[in-house]
Amino acid sequence: MRDDQASASLRIGIVGLGYIGTTVGGQLHRHPHATVRALCDLDSARLEETGTEFGVPTDGRYTDYATMLEDEPLDAVLVGTPHTLHYEQVAAALEHDYHVYCDKPLATDLEHARDLTERAERGEQTLMVGYQRHLQTAFRTARERFLDGSPNWLTASITQDWIDDSMGTWRLDPDLSGGGFLYDTGSHVLDGVLWTTGLEPESVAASMTFHDEAERIDERAHLDVRFENGATGTFSFNGDAPSVREHIHCWDDEGAVYLEGRQWGSRTVTEIDSDAGEYDPYIDFRTEQNRAEAFLESVRTGEEPPATARDALRVTALTEAAYEAARTGDRVSVSLEN
(Lines give C-alpha, C1' and ligand atoms only; values in the text may rest on other atoms or scores of the structure.)
Protein backbone atom coordinates (compact mmCIF):
# COMPACT_ATOMS: atom_id res chain seq x y z
CA MET A 1 0.00 0.00 0.00
CA ARG A 2 1.37 3.42 -0.93
CA ASP A 3 1.71 5.95 1.87
CA ASP A 4 -0.95 8.27 0.46
CA GLN A 5 -3.64 5.57 0.48
CA ALA A 6 -4.09 5.67 4.25
CA SER A 7 -5.63 9.14 4.15
CA ALA A 8 -6.41 10.02 0.53
CA SER A 9 -9.47 8.95 -1.42
CA LEU A 10 -8.78 5.73 -3.30
CA ARG A 11 -9.02 6.09 -7.07
CA ILE A 12 -11.16 3.24 -8.40
CA GLY A 13 -11.57 1.89 -11.91
CA ILE A 14 -14.57 -0.36 -12.68
CA VAL A 15 -14.78 -3.01 -15.39
CA GLY A 16 -18.33 -4.10 -16.21
CA LEU A 17 -20.61 -5.36 -18.98
CA GLY A 18 -23.83 -3.51 -19.73
CA TYR A 19 -24.32 -2.80 -16.06
CA ILE A 20 -22.11 -3.06 -13.02
CA GLY A 21 -22.70 -6.68 -12.02
CA THR A 22 -22.30 -6.00 -8.32
CA THR A 23 -23.70 -3.65 -5.71
CA VAL A 24 -20.14 -2.90 -4.66
CA GLY A 25 -19.71 -0.40 -7.49
CA GLY A 26 -22.50 1.72 -6.07
CA GLN A 27 -21.16 1.33 -2.54
CA LEU A 28 -17.73 2.56 -3.63
CA HIS A 29 -19.28 5.45 -5.54
CA ARG A 30 -20.99 6.64 -2.36
CA HIS A 31 -18.07 5.98 -0.02
CA PRO A 32 -16.27 9.11 1.29
CA HIS A 33 -12.84 7.45 0.92
CA ALA A 34 -13.24 6.23 -2.66
CA THR A 35 -13.62 7.95 -6.02
CA VAL A 36 -14.75 6.10 -9.13
CA ARG A 37 -12.24 7.67 -11.48
CA ALA A 38 -12.68 5.46 -14.55
CA LEU A 39 -15.19 3.04 -16.03
CA CYS A 40 -14.74 0.39 -18.69
CA ASP A 41 -18.11 -0.85 -19.93
CA LEU A 42 -17.65 -3.65 -22.44
CA ASP A 43 -21.13 -2.83 -23.75
CA SER A 44 -20.47 0.42 -25.62
CA ALA A 45 -24.21 1.12 -25.91
CA ARG A 46 -24.45 1.44 -22.12
CA LEU A 47 -21.17 3.27 -21.53
CA GLU A 48 -22.63 6.78 -21.38
CA GLU A 49 -25.49 5.69 -19.12
CA THR A 50 -23.32 3.83 -16.63
CA GLY A 51 -20.64 6.51 -16.75
CA THR A 52 -23.16 9.18 -15.86
CA GLU A 53 -24.62 7.00 -13.08
CA PHE A 54 -21.21 6.73 -11.42
CA GLY A 55 -20.20 10.32 -12.07
CA VAL A 56 -17.26 9.34 -14.27
CA PRO A 57 -15.93 12.13 -16.54
CA THR A 58 -16.22 11.52 -20.27
CA ASP A 59 -12.46 11.18 -20.59
CA GLY A 60 -12.53 8.40 -18.02
CA ARG A 61 -14.88 6.13 -19.95
CA TYR A 62 -13.52 3.19 -21.92
CA THR A 63 -14.63 0.15 -23.90
CA ASP A 64 -11.20 -1.49 -23.57
CA TYR A 65 -10.10 -2.35 -20.03
CA ALA A 66 -6.43 -2.69 -21.02
CA THR A 67 -6.39 0.94 -22.17
CA MET A 68 -8.05 2.04 -18.93
CA LEU A 69 -5.47 0.20 -16.83
CA GLU A 70 -2.64 1.72 -18.85
CA ASP A 71 -3.88 5.31 -19.07
CA GLU A 72 -5.60 5.97 -15.75
CA PRO A 73 -3.79 6.81 -12.48
CA LEU A 74 -5.66 4.26 -10.38
CA ASP A 75 -5.18 2.66 -6.98
CA ALA A 76 -7.71 -0.16 -7.31
CA VAL A 77 -9.92 -1.95 -9.81
CA LEU A 78 -13.35 -3.53 -9.38
CA VAL A 79 -14.01 -6.43 -11.77
CA GLY A 80 -17.75 -6.98 -12.20
CA THR A 81 -17.83 -8.80 -15.53
CA PRO A 82 -19.08 -12.28 -16.54
CA HIS A 83 -17.29 -15.14 -14.84
CA THR A 84 -15.00 -16.35 -17.63
CA LEU A 85 -13.54 -12.87 -18.14
CA HIS A 86 -12.32 -12.48 -14.57
CA TYR A 87 -8.95 -14.18 -14.92
CA GLU A 88 -7.43 -11.99 -17.63
CA GLN A 89 -8.83 -8.79 -16.12
CA VAL A 90 -7.72 -9.53 -12.56
CA ALA A 91 -4.28 -10.66 -13.75
CA ALA A 92 -3.86 -7.47 -15.78
CA ALA A 93 -4.85 -5.28 -12.83
CA LEU A 94 -2.41 -7.07 -10.52
CA GLU A 95 0.35 -6.65 -13.11
CA HIS A 96 -0.26 -2.90 -12.88
CA ASP A 97 0.10 -3.16 -9.07
CA TYR A 98 -3.54 -2.24 -8.48
CA HIS A 99 -5.61 -3.59 -5.61
CA VAL A 100 -8.50 -5.69 -6.93
CA TYR A 101 -12.04 -6.48 -5.86
CA CYS A 102 -13.46 -9.28 -8.03
CA ASP A 103 -17.00 -10.60 -8.15
CA LYS A 104 -17.33 -14.32 -7.50
CA PRO A 105 -16.21 -16.72 -8.77
CA LEU A 106 -12.59 -15.64 -9.03
CA ALA A 107 -12.10 -17.98 -11.99
CA THR A 108 -13.89 -20.81 -13.79
CA ASP A 109 -10.69 -22.67 -14.63
CA LEU A 110 -8.71 -24.39 -11.89
CA GLU A 111 -5.31 -23.45 -13.31
CA HIS A 112 -6.42 -19.83 -13.55
CA ALA A 113 -7.61 -19.89 -9.94
CA ARG A 114 -4.30 -21.36 -8.83
CA ASP A 115 -2.34 -18.73 -10.75
CA LEU A 116 -4.28 -15.80 -9.28
CA THR A 117 -3.93 -17.27 -5.79
CA GLU A 118 -0.17 -17.54 -6.21
CA ARG A 119 0.01 -13.95 -7.49
CA ALA A 120 -2.07 -12.67 -4.59
CA GLU A 121 -0.08 -14.53 -1.95
CA ARG A 122 3.34 -13.45 -3.19
CA GLY A 123 2.33 -9.86 -3.95
CA GLU A 124 1.55 -6.88 -1.73
CA GLN A 125 -1.73 -5.86 -3.35
CA THR A 126 -5.14 -6.71 -1.91
CA LEU A 127 -7.20 -9.21 -3.90
CA MET A 128 -10.69 -9.60 -2.41
CA VAL A 129 -13.40 -11.87 -3.84
CA GLY A 130 -17.09 -11.01 -3.52
CA TYR A 131 -18.26 -13.71 -1.11
CA GLN A 132 -20.37 -11.60 1.24
CA ARG A 133 -21.21 -14.41 3.66
CA HIS A 134 -17.78 -13.78 5.22
CA LEU A 135 -19.19 -10.46 6.43
CA GLN A 136 -22.56 -11.72 7.68
CA THR A 137 -22.82 -12.05 11.45
CA ALA A 138 -24.67 -15.36 11.27
CA PHE A 139 -21.87 -17.04 9.32
CA ARG A 140 -19.17 -15.42 11.47
CA THR A 141 -20.93 -16.68 14.60
CA ALA A 142 -21.12 -20.20 13.20
CA ARG A 143 -17.45 -20.05 12.18
CA GLU A 144 -16.43 -19.33 15.79
CA ARG A 145 -18.00 -22.64 16.85
CA PHE A 146 -15.75 -24.59 14.49
CA LEU A 147 -12.44 -22.86 15.22
CA ASP A 148 -11.43 -25.72 17.55
CA GLY A 149 -13.11 -28.55 15.66
CA SER A 150 -14.98 -29.29 12.45
CA PRO A 151 -18.44 -30.74 11.84
CA ASN A 152 -18.68 -34.40 10.88
CA TRP A 153 -21.82 -34.17 8.73
CA LEU A 154 -23.64 -31.40 6.93
CA THR A 155 -26.40 -30.62 4.46
CA ALA A 156 -26.74 -27.44 2.43
CA SER A 157 -29.25 -26.28 -0.16
CA ILE A 158 -30.49 -23.21 -1.98
CA THR A 159 -33.37 -22.58 -4.36
CA GLN A 160 -33.98 -19.71 -6.78
CA ASP A 161 -36.01 -18.87 -9.89
CA TRP A 162 -32.64 -18.54 -11.57
CA ILE A 163 -33.46 -19.88 -15.04
CA ASP A 164 -36.26 -17.38 -15.60
CA ASP A 165 -34.28 -14.56 -13.98
CA SER A 166 -31.33 -15.25 -16.28
CA MET A 167 -33.21 -15.38 -19.58
CA GLY A 168 -31.63 -13.08 -22.17
CA THR A 169 -28.48 -12.51 -20.08
CA TRP A 170 -24.90 -13.75 -20.24
CA ARG A 171 -25.61 -16.11 -17.34
CA LEU A 172 -27.16 -18.60 -19.79
CA ASP A 173 -24.21 -18.29 -22.19
CA PRO A 174 -21.67 -20.87 -20.95
CA ASP A 175 -18.82 -19.15 -22.80
CA LEU A 176 -19.33 -16.21 -20.44
CA SER A 177 -20.79 -17.86 -17.32
CA GLY A 178 -18.52 -20.91 -17.28
CA GLY A 179 -21.43 -23.09 -16.16
CA GLY A 180 -24.87 -22.80 -14.67
CA PHE A 181 -26.56 -22.36 -11.31
CA LEU A 182 -23.70 -24.09 -9.46
CA TYR A 183 -21.17 -21.53 -10.70
CA ASP A 184 -23.50 -18.63 -9.93
CA THR A 185 -25.63 -18.70 -6.77
CA GLY A 186 -24.35 -22.14 -5.79
CA SER A 187 -20.84 -20.72 -5.56
CA HIS A 188 -21.90 -18.62 -2.56
CA VAL A 189 -23.21 -21.69 -0.72
CA LEU A 190 -20.10 -23.76 -1.36
CA ASP A 191 -17.94 -20.90 -0.15
CA GLY A 192 -20.14 -20.24 2.88
CA VAL A 193 -19.86 -23.86 4.03
CA LEU A 194 -16.13 -24.24 3.39
CA TRP A 195 -15.24 -20.94 5.05
CA THR A 196 -17.55 -21.38 8.03
CA THR A 197 -16.52 -24.96 8.84
CA GLY A 198 -12.85 -24.90 7.81
CA LEU A 199 -13.40 -28.22 6.02
CA GLU A 200 -11.17 -29.18 3.09
CA PRO A 201 -12.97 -31.11 0.32
CA GLU A 202 -11.28 -34.38 -0.67
CA SER A 203 -13.60 -35.83 -3.33
CA VAL A 204 -17.05 -35.37 -4.84
CA ALA A 205 -19.71 -37.38 -6.65
CA ALA A 206 -22.42 -35.40 -8.44
CA SER A 207 -25.53 -35.51 -10.59
CA MET A 208 -26.97 -32.60 -12.55
CA THR A 209 -29.99 -31.65 -14.62
CA PHE A 210 -29.02 -29.38 -17.51
CA HIS A 211 -30.97 -26.57 -19.13
CA ASP A 212 -29.20 -26.83 -22.49
CA GLU A 213 -28.64 -29.67 -24.96
CA ALA A 214 -24.86 -29.25 -24.71
CA GLU A 215 -25.13 -29.93 -20.96
CA ARG A 216 -23.10 -26.92 -19.90
CA ILE A 217 -25.78 -24.93 -18.01
CA ASP A 218 -26.94 -26.84 -14.95
CA GLU A 219 -30.28 -25.89 -13.44
CA ARG A 220 -30.13 -28.50 -10.67
CA ALA A 221 -27.07 -30.03 -9.03
CA HIS A 222 -26.61 -32.57 -6.23
CA LEU A 223 -23.16 -33.04 -4.69
CA ASP A 224 -21.96 -35.76 -2.31
CA VAL A 225 -18.72 -34.47 -0.79
CA ARG A 226 -16.14 -36.22 1.36
CA PHE A 227 -13.79 -34.05 3.38
CA GLU A 228 -10.20 -34.63 4.49
CA ASN A 229 -11.14 -35.07 8.16
CA GLY A 230 -13.60 -37.88 7.32
CA ALA A 231 -16.72 -35.68 7.40
CA THR A 232 -19.34 -36.02 4.68
CA GLY A 233 -21.85 -33.57 3.29
CA THR A 234 -24.53 -33.14 0.66
CA PHE A 235 -25.28 -30.01 -1.35
CA SER A 236 -28.45 -29.48 -3.38
CA PHE A 237 -29.01 -26.57 -5.75
CA ASN A 238 -32.26 -25.91 -7.61
CA GLY A 239 -32.23 -22.98 -10.01
CA ASP A 240 -35.75 -23.62 -11.29
CA ALA A 241 -37.72 -23.04 -8.08
CA PRO A 242 -40.29 -20.32 -7.25
CA SER A 243 -38.30 -18.46 -4.57
CA VAL A 244 -35.01 -18.16 -2.73
CA ARG A 245 -34.55 -20.29 0.40
CA GLU A 246 -31.19 -21.27 1.88
CA HIS A 247 -30.56 -23.98 4.50
CA ILE A 248 -27.17 -25.01 5.90
CA HIS A 249 -27.09 -27.56 8.75
CA CYS A 250 -23.70 -28.51 10.22
CA TRP A 251 -23.50 -31.26 12.88
CA ASP A 252 -20.71 -32.14 15.29
CA ASP A 253 -20.52 -34.28 18.43
CA GLU A 254 -22.11 -31.53 20.56
CA GLY A 255 -25.08 -30.75 18.33
CA ALA A 256 -25.49 -28.53 15.31
CA VAL A 257 -25.52 -25.06 13.82
CA TYR A 258 -28.35 -24.11 11.46
CA LEU A 259 -27.98 -21.21 9.04
CA GLU A 260 -31.25 -20.24 7.38
CA GLY A 261 -32.51 -17.49 5.14
CA ARG A 262 -34.89 -16.43 2.42
CA GLN A 263 -34.53 -14.11 -0.54
CA TRP A 264 -31.38 -11.98 -0.25
CA GLY A 265 -31.57 -10.76 3.33
CA SER A 266 -29.04 -11.62 6.02
CA ARG A 267 -29.17 -15.17 7.35
CA THR A 268 -30.13 -16.31 10.86
CA VAL A 269 -28.18 -18.74 13.02
CA THR A 270 -29.54 -21.31 15.49
CA GLU A 271 -27.47 -23.56 17.74
CA ILE A 272 -28.84 -27.05 18.51
CA ASP A 273 -27.59 -28.83 21.64
CA SER A 274 -27.31 -32.58 22.31
CA ASP A 275 -30.80 -32.64 23.88
CA ALA A 276 -32.35 -31.03 20.75
CA GLY A 277 -32.70 -27.70 22.53
CA GLU A 278 -32.42 -24.57 20.45
CA TYR A 279 -30.58 -21.31 21.11
CA ASP A 280 -30.71 -18.25 18.90
CA PRO A 281 -27.62 -16.05 19.39
CA TYR A 282 -28.29 -12.33 19.22
CA ILE A 283 -27.45 -10.95 15.77
CA ASP A 284 -26.85 -7.22 15.42
CA PHE A 285 -27.04 -6.66 11.68
CA ARG A 286 -26.07 -3.01 12.16
CA THR A 287 -22.48 -4.02 12.86
CA GLU A 288 -22.03 -5.78 9.52
CA GLN A 289 -19.67 -4.21 7.00
CA ASN A 290 -20.64 -4.13 3.36
CA ARG A 291 -18.14 -5.44 0.82
CA ALA A 292 -16.94 -2.00 -0.26
CA GLU A 293 -16.15 -1.03 3.33
CA ALA A 294 -14.30 -4.29 3.91
CA PHE A 295 -12.29 -3.92 0.71
CA LEU A 296 -11.26 -0.35 1.46
CA GLU A 297 -10.29 -1.28 5.02
CA SER A 298 -8.11 -4.10 3.75
CA VAL A 299 -6.38 -1.77 1.30
CA ARG A 300 -5.90 0.89 3.97
CA THR A 301 -4.54 -1.43 6.67
CA GLY A 302 -2.77 -4.00 4.52
CA GLU A 303 -4.59 -6.78 6.38
CA GLU A 304 -5.98 -9.87 4.67
CA PRO A 305 -9.41 -9.26 3.11
CA PRO A 306 -12.44 -11.18 4.44
CA ALA A 307 -12.65 -13.38 1.32
CA THR A 308 -9.27 -14.26 -0.15
CA ALA A 309 -8.08 -15.78 -3.41
CA ARG A 310 -7.39 -19.03 -1.56
CA ASP A 311 -10.99 -19.11 -0.33
CA ALA A 312 -12.08 -18.74 -3.95
CA LEU A 313 -9.61 -21.40 -5.10
CA ARG A 314 -11.30 -23.96 -2.84
CA VAL A 315 -14.66 -23.15 -4.41
CA THR A 316 -13.36 -23.39 -7.99
CA ALA A 317 -11.57 -26.68 -7.24
CA LEU A 318 -14.73 -28.25 -5.79
CA THR A 319 -16.96 -26.82 -8.54
CA GLU A 320 -14.78 -28.04 -11.40
CA ALA A 321 -14.54 -31.49 -9.80
CA ALA A 322 -18.33 -31.58 -9.42
CA TYR A 323 -18.90 -30.83 -13.11
CA GLU A 324 -16.44 -33.58 -14.06
CA ALA A 325 -18.12 -36.01 -11.67
CA ALA A 326 -21.58 -35.26 -13.05
CA ARG A 327 -20.45 -35.77 -16.65
CA THR A 328 -18.40 -38.94 -16.05
CA GLY A 329 -20.41 -40.59 -13.29
CA ASP A 330 -17.21 -41.06 -11.29
CA ARG A 331 -16.19 -39.79 -7.88
CA VAL A 332 -13.54 -37.13 -8.55
CA SER A 333 -10.70 -35.98 -6.31
CA VAL A 334 -10.53 -32.31 -5.35
CA SER A 335 -7.03 -30.83 -5.44
CA LEU A 336 -5.99 -27.26 -4.71
CA GLU A 337 -2.40 -27.83 -5.82
CA ASN A 338 -0.98 -28.96 -9.16
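1. Start with helix α6 (residues 137–145) and helix α9 (residues 185–197) of this predicted model. They pack at an angle of about 40 degrees, with their axes 7 Å apart. Axes here are lines fitted to C-alpha atoms over the stretch in contact, with angles from 0 to 180 degrees between N-to-C directions; helices are DSSP runs of H or I, at least four residues, numbered from the N terminus. That makes α6 oblique to α9, since under 35 degrees is roughly parallel, over 145 roughly antiparallel, 65 to 115 roughly perpendicular and the rest oblique.

2. Who touches whom? On the α6 side you'll find Phe 139, Arg 140, Ala 142 and Arg 143, meeting Gly 192, Trp 195 and Thr 196 of α9 (contact: heavy atoms within 4.5 Å). The contact counts three nonpolar, two polar and two charged residues (nonpolar: Ala, Val, Leu, Ile, Met, Phe, Trp, Tyr, Cys, Pro; charged: Asp, Glu, Lys, Arg; polar: the others, Gly among them).

3. Now the second largest pocket, with a volume of about 380 Å³. A pocket is an open set of points on a 1 Å grid where a 1.4 Å probe fits, with protein on both sides within 12 Å along at least five of seven lines; lining residues have an atom within 4 Å of a point. Volume is the space filled by probe spheres on the points, which are joined across faces, edges and corners.

4. Of its 20 lining residues, Leu 127, Glu 303, Glu 304, Pro 305 and Thr 308 sit closest to the centre. By class, the lining has six nonpolar, six polar and eight charged residues. Helix α11 (309–328) gives the most, three residues.

5. Housekeeping: residues are numbered from 1 along each chain as its sequence is written, and side-chain values use heavy atoms, without hydrogens or water. Local features need pLDDT of at least 70 and side-chain atom pairs 80 or more, while totals for chains, interfaces and linings use all residues.

Notes:
Helix = DSSP H or I, 4+ residues; strand = E, 2+ residues; numbered from the N terminus.
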